[in-house]
Amino acid sequence: MSTDLISQDTIVALATSPGANGAIAVIRLSGSQAIAITNSVFKGKDLRTQASHTIHFGTIRDGDEIVDEVLVSLFIGPNSYTKEHVVEISTHNSKYIIERVIGLLMKKGARAARAGEFTLRAFLNGGLDLSQAEAVADLIASNSAASHQVAMQQMRGGFSNQLKKLREDLVHFASLIELELDFAEEDVEFANRDQLKRLITNIHQVIRRLISSFEQGNVLKNGVPVVIAGKPNVGKSTLLNALLNEERAIVSDIAGTTRDTIEDEINIHGVTFRFIDTAGIRETQDVIEAKGVERTREKMKQARLIIYLFDPTQDTVADVQQQIAEVAALSIPFVTLINKSDLLSTAQRASYAVLEPVYISAKEQLGIEELKEELLRQVNVANIQTDDVLVTNIRHVEALQKTIEALDRVLYGIDNPVTSDFLAMDIRQSLHHLGEITGTVTTDDLLENIFSKFCIGK
């Protein structure tokens, strides 16, 4: 690791959200001089003689001037988040006070922390592995019960523990294969090839399951992008407003009112859905509206789920079937939605049954709860167990896929006997890719890429 990444400086940053309207702000320091630097501007107990995990009232002073009354929390390393001395100063949430306090601390020897540097230090000092550190960022960004639970499970080591077990089993056989290389001239086998094959096959299955969990994990982490599509003036904007329970989109009887996409999100039983209201699909000579229709088609291709809405007073069953065929050709899950269902007779409802639609009235807010249940069913939320290990990070998926490729070469080598050195090379390669996930194998560029996405102060 470069000396830049493992800097011994004492760092300082605002840990709470800047600009927030709360009463309290928290300023965090980490490093060998964190307590001494804080003590030099703190009037109260001598912080250098206090026990870890204690809180002390006093004032921050610039000479004789009192800047603020504060509470100082002490965490003496290695019993802290970063495994270094950590101090958290709770001040009043005034921009002026925050800037004065941080300025004083920097004058006394602290430097401004870089993005994610506190968590980077936790990783470099062995407090977290890399996948756990990434889960910290996911936890901060979580905006639903499901995304919170998945991030918490990963931060507490669920994913890491599973990978650790896989690595331990592989390392055992790798050491036996490496031992064979030392006795190459004697043509002996220390690693039973049948046992190795069973192990690789088992690991292969576990990793395949982890890779396949990404689709569900990504849904919980980032939400489900849902496009509301249909012809002009069928009630798409009214539906968006009904789902959000607010007037988010302009509603008009004039066809083509929505000319660009409108996006907003709601939480349904712990899962975030990002709804995208789009321009009505039709042939038009209006240049601006035509661009809106083009964007609609692009959004539909990018969606995880499509709500295709139609108005039974405008279209026949045959018309709708033709429209649905075009949607089905995208190979993206979709829900067929009949609007203005309160205007349909029993016979009309029966004629549309072949489409297996969900019946709603966006204007009267009828059938909205049934639609929400159908959306949850479409994303298979009932089968998502947040206690299970779910992969939510594309970097992890790519590393797992490379691990699979290396393991496939090991299996090929066992079935088509190759020398131990080639088997050892492929096993080492699989271990390398697993190590990239947890941080056993890292580069400075990788760490910079990961931690630069964190907020300052975390």
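At what angle do the axes of helix 4 (residues 130–141) and helix 5 (residues 145–155) cross? They cross at roughly 155 degrees and come within 8 Å.

## Basis of the model

This is a predicted model, in which local features need pLDDT of at least 70 and side-chain atom pairs count only at pLDDT 80 or more, while totals for chains, interfaces and linings use all residues. Residues are numbered from 1 along each chain as its sequence is written, and side-chain values use heavy atoms, without hydrogens and water.

## Helix 4 and helix 5

Helix 4 and helix 5 are therefore roughly antiparallel to each other (angles over 145 degrees, on a scale from 0 to 180 degrees between N-to-C directions). Helix 4 passes helix 5 in a left-handed crossing (the near helix is turned anticlockwise from the far one by less than a right angle).

Gln132, Ala135, Val136, Asp138 and Leu139 of helix 4 make the contact with His148, Ala151, Met152, Gln154 and Met155 of helix 5 (heavy atoms within 4.5 Å). These residues divide into six nonpolar, three polar and one charged (Ala, Val, Leu, Ile, Met, Phe, Trp, Tyr, Cys and Pro count as nonpolar, Asp, Glu, Lys and Arg as charged, the others as polar).

## Aromatic pairs

The whole structure holds three aromatic pairs (ring centres within 6.5 Å; planes under 30 degrees apart are stacked, over 60 edge-to-face, the rest tilted). Phe273 and Phe275 are stacked, because their ring centres lie 6.2 Å apart with the planes at 20 degrees. Phe273 is buried at 0% relative accessible area (under 20%), and Phe275 is buried at 0%.

Phe310 and Tyr352 form a tilted pair, 5.7 Å centre to centre with 45 degrees between the planes. This pair links distant parts of the chain, 42 residues apart: Phe310 in strand 11 (residues 305–310) and Tyr352 in helix 12 (residues 346–352). Phe310 is buried at 0% relative accessibility, and Tyr352 is buried at 6%.

Key: Helices (H or I, at least four residues) and strands (E, at least two) are DSSP runs, numbered from the N terminus. Angles under 35 degrees count as roughly parallel, over 145 as roughly antiparallel, 65 to 115 as roughly perpendicular and the rest as oblique. Rings of Phe, Tyr and Trp (its six-membered ring) pair if their centres lie within 6.5 Å; planes under 30 degrees apart count as stacked, over 60 as edge-to-face and the rest as tilted. Buried means under 20% relative accessible area, exposed over 50%, partly exposed in between (1.4 Å probe, protein chains only).
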